[in-house]
Amino acid sequence: MVEHVRKGTLDFVLLKPADAQFLVSTAKIEPWRIVDVGGALVVFGYAFAKLGRWPSLGQVATGLVFLGLAVVILYSIWILVVSAAFWVVKVDNLSYLFGSLFDVGRWPIDVLRGVWRGTLVLVFTVVFPVALMTTYPALALLGRLDLRTATLALAGGVAFAIVARRVWRRALAMYTSASS
């Protein structure tokens, strides 16, 4: 996508009778990543066996909803980074920054302690919502996610996706194409 913007070849995508965001998003699909899902299921099975209890059907359903929300948020972050290519010449440095922030997201939000906990929880839940992608699905599976927090998290994730879509549309409107 970044190369399309840089070279001006995004015109070929925009001329197709489908949504440009959909076409850009599905240009590279890696079906062998399903192996990762299988590995995750093995890890979940092992972890719950060690806990000595299994999640209820409701907890699994809530966990799946939050897993879907995590995918939507990850996709939205990707759209925001890609949209930056319309204004910034090189987006590569931005992807390194997001990679570092995602490294923080590997840890559950409960790891954060001390004076900065409140600020960091706010940043990683609202500004850059990696906590929604990592901590909340696990809390749902463990039955530790209360209704108020779940509702706010879902609303925040949907709002984040709406903002990403609007930024994409604005960025696309700024595109001058190869022929301009």
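Analyst: Helices (H or I, at least four residues) and strands (E, at least two) are DSSP runs, numbered from the N terminus. The model is a predicted one, in which local features need pLDDT of at least 70, side-chain atom pairs count only at pLDDT 80 or more, and totals for chains, interfaces and linings use all residues. Residues are numbered from 1 along each chain as its sequence is written, and side-chain values use heavy atoms, with hydrogens and water left out.

User: How many helices and how many strands does the secondary structure of the protein chain hold?

Analyst: Read along the sequence, the chain follows the pattern α-α-α-α-α-α-α-α-α. The count is therefore, with helices and strands taken as DSSP runs, nine helices and zero strands.

User: What percentage of the residues in the protein chain is buried?

Analyst: A residue is buried under 20% relative accessible area, exposed over 50%, and partly exposed in between (1.4 Å probe, protein chains only). The chain has 180 residues, and the buried share of them is 31%.

User: Is Tyr 46 buried or exposed?

Analyst: Tyr 46 is found in helix α4. Because its relative accessible area is 57%, Tyr 46 is exposed.

User: Is Thr 135 buried or exposed?

Analyst: Thr 135 has its place in helix α8. A contact means heavy atoms within 4.5 Å; leaving aside residues up to four places away in sequence, Thr 135 touches Trp 107, Pro 108 and Ile 109. Because its relative accessibility is 3%, Thr 135 counts as buried.

User: Which residues does Ile 77 touch, not counting residues up to four places away in sequence?

Analyst: Ile 77 is one of the residues with the most contacts inside the largest core. Beyond four places in sequence, the residues that Ile 77 touches are Phe 98, Phe 102, Phe 128 and Phe 160.

User: How many residues does the second, separate core have?

Analyst: This core includes Met 1, Ile 79, Val 82 and Trp 168. Trp 168 is also among the buried residues of α9. The number of residues in the second core is 14.

User: Against which helices do the buried residues of α9 pack?

Analyst: Helix α9 has 28 residues and reaches 41 Å from its first C-alpha to its last, close to the 40 Å expected at 1.5 Å a residue; the expected span is 1.5 Å times one less than the number of residues. The buried residues of α9 are Ala 150, Ala 153, Gly 157, Phe 160, Ala 164, Trp 168, Ala 171 and Leu 172. An α-helix has 3.6 residues a turn, so residues three or four places apart point the same way. The buried residues of α9 pack against α2, α3, α5, α7 (117-127) and α8.

User: Which residue forms a salt bridge with Asp 19?

Analyst: A salt bridge is a side-chain nitrogen of Lys or Arg within 4 Å of a carboxyl oxygen of Asp or Glu, and the structure holds three. In the bridge of Asp 19 the closest N and O atoms are 3.1 Å apart, and the partner is Arg 165. The pair links distant parts of the chain, 146 residues apart: Asp 19 lies in the loop between α2 (11-14) and α3 (20-25), and its partner in helix α9 (residues 147-174) is Arg 165.

User: Which residues do salt bridges with shared partners join into one network?

Analyst: The side chains of Arg 33 and Glu 30 meet in a salt bridge at 3.0 Å, N to O. Arg 33 also forms a salt bridge with Asp 36, where the closest N and O atoms are 3.5 Å apart. Through shared partners, the residues joined into one network are Glu 30, Arg 33 and Asp 36.

Terms used:
A nonpolar core is a set of buried Ala, Val, Leu, Ile, Met, Phe, Trp, Tyr and Cys residues joined through side-chain atoms within 4.5 Å.
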